[in-house]
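Trainee: I would be grateful for a close look at one part of this structure, namely the aromatic rings and the helices that surround the topic. Could you please take me through it step by step?

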Amino acid sequence: MNLSNYITHHKKNLDEILSSILPQEDVSPSTIHRAMRYSVFNGGKRLRPIIAIASAEYIGITIDKIIYSIGAMIELVHTYSLVHDDLPPMDNDNLRRGKPTVHRMFNEAIAILTGDALLTQAFEVMGSIGSYKKNGDIVSLINEFTSAIGSKGLVGGQVMDLDKKSAPVDEDEIRFIHRNKTAALITFSAVAVPVFFKRQPYIAGMRNYGEALGMAFQVGDDIVDYKKDGKEPSIVNVLGIEDSKNLFYEYINKAKTSIKYKKEGIYLTGICDWIKEGFSL
Ligand code: GRG
């Protein structure tokens, strides 16, 4: 199956699981459930769950309900981070994926609570993963997840990003932002399956893959945003456009070379090309 069909196929199954996890819109109080479903089913690429699914493929684990649930858990946290990031005290965006942001469609209080509820729902899914497969390493999965998304991961990266919106930024600080705000959850997506299934020999390689791909993703996004509206803080402030582009390609190559078994890793390397082409720098 080519990558495009692979993504379409798994996205459909993943969306079915997400739909079964999220309360229906008419469940009281319906406003929050409408907002949760609105934010999740709003045209996301599902990049992070697809990475988790491709990592299962890489290490020879059948793609079943557990793998989709790991993907769903990640997508719920990703969506919460975007809903909060769009709020007025953060990025103050009116549109996300071309449609009104949650605080514009509903209101700010509902957007804050939507993020809170999605984050909480992710941990409910984590509980169900632990119950389906009793011999999985759920404790290590929880530890990986909380380090990736807490104040020493996603939240910490967002704080540094906010601090640096109106202050000079150096290369170490920009790398800190990229590593935490973006690469931490992408890295979690790459290591979650080998961690839960206790496939130790694969964990370091998948961590290298996730870190490099996550860094590439944010460098690419910085370049696109800088060209569009000079958004700061940006790697472009520190390295300029040409060196930032070179760094992007370096990270993409680093992610690809972390995949030792080329046949089994065909979708993982395909995802690197997908990102490379998607940014078309
Ligand atoms: C509010 C705690 C908190 C954190 C927010 C916004 C954020 C931190 C993290 C997002 C980091 C990120 C990936 C930034 C790049 C901007 C971008 C392209 C985000 C969207 O990610 P995609 O492209 O989103 O994977 P889709 O729409 O496909 O789901």
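Mentor: Angles of 65 to 115 degrees between axes count as roughly perpendicular. The model is predicted, and in it helix α1 (residues 3–21) packs against helix α4 (residues 65–85) at an angle of about 75°, the axes being 9 Å apart. The two helices, α1 and α4, are therefore roughly perpendicular to each other. On the α1 side the contact involves residues including His 9, Leu 14 and Ile 21, and on the α4 side residues including Lys 65, Tyr 68 and Leu 76.

Let us turn to the rings. The whole structure holds 11 aromatic pairs. One of them joins Tyr 58 and Tyr 202, edge-to-face, at 5.7 Å centre to centre with 70° between the planes. Tyr 58 belongs to helix α3 (residues 47–58) and Tyr 202 to helix α10 (residues 200–229), so this pair links distant parts of the chain, 144 residues apart.

Tyr 58 has 5% relative accessibility and therefore counts as buried, whereas Tyr 202, at 25%, counts as partly exposed. Tyr 58 also pairs with Tyr 261: the ring centres are 6.1 Å apart and the planes stand at 45°, so this pair is tilted. Because Tyr 261 lies in the loop between α11 (235–257) and α12 (266–279), the pair ties together parts 203 residues apart in sequence. Tyr 261, at 40% relative accessibility, counts as partly exposed.

Elsewhere, ring pairs link Phe 217, Phe 248, Tyr 249 and Phe 279 into a cluster. Over the ring of Phe 217 sits the charged end of Arg 48, 5.7 Å from the ring centre.

How values were computed
Residues are numbered from 1 along each chain as its sequence is written. This is a predicted model: local features need pLDDT of at least 70, side-chain atom pairs count only at pLDDT 80 or more; totals for chains, interfaces and linings use all residues. Side-chain values use heavy atoms; hydrogens and water are left out. Axes are lines fitted to C-alpha atoms, for helices over the stretch in contact, and angles run from 0 to 180 degrees between N-to-C directions. Helices (H or I, at least four residues) and strands (E, at least two) are DSSP runs, numbered from the N terminus. Angles under 35 degrees count as roughly parallel, over 145 as roughly antiparallel, 65 to 115 as roughly perpendicular and the rest as oblique. Contact means heavy atoms within 4.5 Å. Rings of Phe, Tyr and Trp (its six-membered ring) pair if their centres lie within 6.5 Å; planes under 30 degrees apart count as stacked, over 60 as edge-to-face and the rest as tilted. Buried means under 20% relative accessible area, exposed over 50%, partly exposed in between (1.4 Å probe, protein chains only). A charge sits over a ring if NZ of Lys or CZ of Arg is within 6 Å of the ring centre and within 35 degrees of the ring normal.
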